Amino acid sequence: LVQAWPYFGTVMEKTFKEVLEPKIRAKNVHLKTCTFTKIHFGEKCPRINGIKAYTKEIGRRQVTLDLQICYIGDCEIHMDISKFNLGVKGVQLYGTLRVILEPLLTDAPFVGAVTLFFMQKPHLEINWAGMSNLLDVPGINVMSDSLIQDFIASRLVLPNRITVPLKKNMNIAHLRFPIPQGVIRVHLLEAENLVQKDSFLGAIRGKSDPYALLRVGTVQYRSKTVSRDLNPIWNETFEFVVHEVPGQDLEVDLYDEDPDKDDFMGSLLIGLVDVMNDRTVDEWFPLSKTTSGHLHLKLEWLSLVNDQEKLHEDKKGLSTAILIVYLDSAFNLPKNHFEYSNGECGAKKIKNNKYLKKMEREPSSFVLLTVGNKTQKSKTCNFSKDPTWGQAFTFFVHSAHSQSLHIEIKDKERDSALGTSVVCLSRLLEDPNMTLDQRFQLDHSSSDSSIQMKLVLRALNVEEPDPQRVKAGVNASKQGPVRVVEKGGNQQKFVSPPEVSKVPPVSKDSAALESLPKRDSGEDLDTKDSSAAPVPSETVAGPDGAEHKQNPEHRPPPALHSGAAAVPTLPVVQELRLAPSVTSLGSLPSSCFELSSSNLDIHNGTEMPLGEIQLTVRYASVRQSLVVLVNGCRNLVPSSNRGVDPYVRIYLLPDRRWTSRKKTSVKKKTLNPQYDEKFEFFESLENVKKRTLDIAVKNSRPFISQERKDLGKVRIDLSQEDLIKGFAQW
């Protein structure tokens, strides 16, 4: 890029002068004098910070790459419009650009076309110059930046794509507008323990008025506001079209509605690839970027099927199908516009000659497309009676048998129709592929005016989940470390406990637990009979594929065994679920011990360890992070008669900086603390494989106290472990 940048700059300067300048001049009478006085693309070129290639999730005939692009440019572009000088002096842009090379061919150039688009709106900042820096006025500056961002988004962010054919006579229509991958139906149910944001005179806390913003790509919905409630119940449903998986995420932001500025209350990012694989996810998700709060969502993945039997009308008024409209072009639009009322069209009387000249011009037309109560608008094609739009639109359909698509072509200059058309969706049902690709005659227009469109109808289908698959559950969410919220006494609400069907509810007292056979702590467990329990933040589906929710108050702590890990068969899981979490055996004080994943090597001169710690470690490849779950400790050795207040401290060696240290909460006066806290280290798998986990259990004591602070230490060499599978053990 550094080598090619000056040449790219030269090409762009030529494009600005020869292509862009005439286009701007033609846009408007006031822009006729527009000239570029300086075009310089600067010395600094864009940087590509990382590339990810997808291999498993895609077809064999394509290459899919994600490029992290960062451009902090020193470009200078100045233009004169009549007496004003306007310019840009520096641009910052960063975002993830997806590049798809398809189809792959057996002869040169080996790739048929390149498709480019951003997954989410890229971040953009522009340093404006000229016009006596009028655009630096805060309101205008933000407005102009966001207008340009919207302009980029309307062309470059999904579902919009740029497709460049590399081979002659390549049909790229299906590459520019592929059928979406599916639909995600989001049931926004409720939230709990949200942060209080309303304050009165800076002191008295009031209750917040929460609402949610839900986003996939460029589509955003807002929920209703629940007034004065930190445990709001919404029970609303939203539907989003998903164009790219993996890649697109569901973003949920919670805000407190205020008269002046709405306060942020937490957010959630959910990878849709997990929802697509699980089909249905019904979970409490912990909110990130906030101190407390959980959000209850039910997510359903609907695949698009070409099957008319699936089109029966939904009782709850939800969508049953999706209509995709490829708006291609129109032919021979009338110069003179018609006003029509009650279905009769009559030419408007021409008042004067000035008006006549205007009417002799070719029309600048755009299209309004309507299904039900949703209307979408195309871009405007200037001065053409045969305009080409080349755009795709999607609509949710409730009843394909009775609904219609309404088309209206309008002239930008005068707000009146150049032609209309109505297509009943039942016509699509007559075709076995539920597709129409043809010219449609325009009504209320010239006799030979028509519009070229392709209409595709697809039924929405909830497929049954694969009973063999381990569900991602809460792991679908992508957020930082999560603290567990305690609910009165010792009943803890686990962030994401393993759910196993048909396990009898367990009473709060541990008598039932203690009756189960105990294992000796030093024993090297046989991996054949008890491969490790599933990672505690995953959900296990029962034999019938259904998940059975248990009351969080009655969940015993998940106990885990050593040995690496496939998900065990159900009887083993049941045994693990009910295994005793705490066994109080006396131990002797000694210095420290080291634990590898397969057996216990104790280096402290005596045969007695200092107790045990239960850990779950795995690498989350979607989030590019090492996830360490500290479940709890047992049989810790007291360092004084006063009792101990243990907490766990984690480093990912060799990094011992204070800022990268992770630490659990402190549990008071216990030798068998239960934490169930999750921590993440955002590193590549390659880097993690070179590192060592250093985990210490420490006693929280007064600053001037003479007591021993360290209670024990474990080091785990990560190069020896299969981190993608993960391991879980004492």
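**Entry 1: a bridge.** I looked up Val216 and found that its bridge partner in S12 is Val219. Strand S11 (residues 210-216) pairs with S12 in the antiparallel sense, over four bridges. I noted what a strand is here: a DSSP run of E with at least two residues, numbered from the N terminus. Two strands pair if DSSP finds at least two bridges between them.

**Entry 2: ground rules.** This is a predicted model, where local features need pLDDT of at least 70, side-chain atom pairs count only at pLDDT 80 or more, and totals for chains, interfaces and linings use all residues. Residues are numbered from 1 along each chain as its sequence is written, and side-chain values use heavy atoms, with hydrogens and water left out.

**Entry 3: the sheet.** I traced an open sheet of four strands in the order S12-S11-S14-S15, with antiparallel pairing. Which strands sit at the edge? They are S12 (219-222) and S15 (263-271), and each pairs on one side only. The twist averages 15° from one strand to the next (axes are lines fitted to C-alpha atoms, and angles run from 0 to 180 degrees between N-to-C directions).

**Entry 4: cysteines.** I searched the whole structure for disulfides (pairs of cysteine sulfur atoms within 2.5 Å) and got zero. Cys45 is buried at 18% relative accessibility, while Cys424 is partly exposed at 36%. My cut-offs: buried is under 20% relative accessible area, exposed is over 50%, and partly exposed is in between (1.4 Å probe, protein chains only).

**Entry 5: a glycine.** I found Gly611 in the loop between strand S29 (600-601) and strand S30 (612-620). Is Gly611 buried or exposed? Gly611 counts as buried, because its relative accessibility is 7%. From Gly611 to Cys633 I get 22 residues in sequence and 7.3 Å in space, C-alpha to C-alpha.
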